[in-house]
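Reader: Hello! I am new to this one, so could you walk me through a few of its helices?

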Amino acid sequence: MKDGEVSERGTYQELLDKKGAFAEFLLQHITEEVDSSDAVSSVFSDLTPQLGCLAAAIYLHDLLLSGVLRSPMLFFDTTPLGRVLSRFSKDMEVVDANMPWYVSDGLYCFFEVIGTVVVISYTTPLFTSVIIPISLLYYFIQRFYVATSRQLKRLESVTRSPIYSHFGETVTGVQAIRAYGQQERFMHESENKVDTNQVCYYPSIISNRWLAIRLEMIGNLIILFASLFAVLGREQDPSLVGLSVTYSLQ
């Protein structure tokens with residue numbers, strides 16, 4: 001029916017073959033359902049890491065709060081207040097704000113690498129001979145970087161807590177500081193603590209760049225071997241060779 005009149009007659013298959021109003025309506029309905037399904041899948045895939053990290057953040061915060069509240073007085077006598085505040089502020093900020101993006105990017109990169117290696121290995125079977133050496137090289141770089149980065153992060157965290165402590169002490173005793181005219185001294189001390197923290201933060205950034213250069217080198221090795229084996233296997237389909245090189249460039 002269309003505009004109150006019978007526009008087409010026939011069986012279901014006959015109406016589809018005519019590609020008229022009925023076929024157009026059916027195609028539009030199927031397209032809307034597919035789009036709606038894709039939107040739901042996209043939202044679900046985006047929410048899953050977010051919800052997982054939210055649960056992890058709540059669990060970590062509860063453990064942290066319970067541990068601090070149950071600590072003996074000796075802990076508070078020997079641990080600077082800024083270090084405790086740093087755990088509840090900066091560390092929790094990383095879990096709340098940054099971790100979902102890290103998880104999402106990590107999953108994306110993981111499946112991208114797996115897909116790339118599978119495609120190259122399928123189109124250029126000789127490439128499988130270099131997967132293990134490249135994986136061992138990556139594993140060595142990863143172990144070296146993680147151990148170094150962990151220590152650098154620890155140093156940066158330790159030098160960050162005095163900033164919070166000094167700021168809290170300054171705010172608490174601001175009347176006495178002004179009364180004795182010690183504003184410049186406290187400002188200078190605050191700037192020195194920030195500078196010390198930046199001195200420890202800078203190597204952390206440099207180590208990240210060190211890792212990036214090594215990872216790019218591994219990526220270049222993958223491109224080199226994929227191209228080399230594609231040239232050696234001259235009997236291969238040129239389209240598959242092009243596919244292999246294209247994926248290796250990723």
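Reader: Thanks! Which helix holds Glu 156?
Author: Welcome! Please keep in mind that this is a predicted model. In it, Glu 156 has its place within residues 131-172, the stretch that forms helix H5.

Reader: Is Glu 156 buried or exposed?
Author: The relative accessibility of Glu 156 is 9%. Buried means under 20%, so Glu 156 counts as buried.

Reader: Which residues is Glu 156 in contact with, leaving aside its neighbours within four places in sequence?
Author: Contact here means heavy atoms within 4.5 Å. With those sequence neighbours set aside, the partners of Glu 156 are Asn 197, Cys 200 and Tyr 201.

Reader: Let's move on to H7 and H8. How do their directions compare, roughly parallel or roughly antiparallel?
Author: The axes of H7 (residues 183-232) and H8 (residues 238-248) come within 9 Å and cross at roughly 170 degrees. Angles over 145 degrees count as roughly antiparallel. That crossing therefore makes H7 and H8 roughly antiparallel.

Reader: Which residues of H8 make the contact with H7?
Author: From H7, the contact is made by Ile 222, Ile 223, Ala 226, Ser 227 and Ala 230. The contact residues divide into six nonpolar, three polar and no charged. On the H8 side, they are Val 241, Ser 244, Val 245 and Ser 248.

Reader: Which helices do the buried residues of H8 pack against?
Author: The buried residues of H8 are Val 241, Ser 244 and Ser 248. They lie on the same side of H8, because they cover an arc of only 60 degrees around the axis. These buried residues pack against helix H4 (81-123) and H7.

Notes. Residues are numbered from 1 along each chain as its sequence is written. This is a predicted model: local features need pLDDT of at least 70, side-chain atom pairs count only at pLDDT 80 or more; totals for chains, interfaces and linings use all residues. Side-chain values use heavy atoms; hydrogens and water are left out. Axes are lines fitted to C-alpha atoms, for helices over the stretch in contact, and angles run from 0 to 180 degrees between N-to-C directions. Helices (H or I, at least four residues) and strands (E, at least two) are DSSP runs, numbered from the N terminus. Angles under 35 degrees count as roughly parallel, over 145 as roughly antiparallel, 65 to 115 as roughly perpendicular and the rest as oblique. Ala, Val, Leu, Ile, Met, Phe, Trp, Tyr, Cys and Pro count as nonpolar, Asp, Glu, Lys and Arg as charged, and the others, Gly among them, as polar. Buried means under 20% relative accessible area, exposed over 50%, partly exposed in between (1.4 Å probe, protein chains only). The arc is that of the directions from the helix axis to the C-beta atoms.
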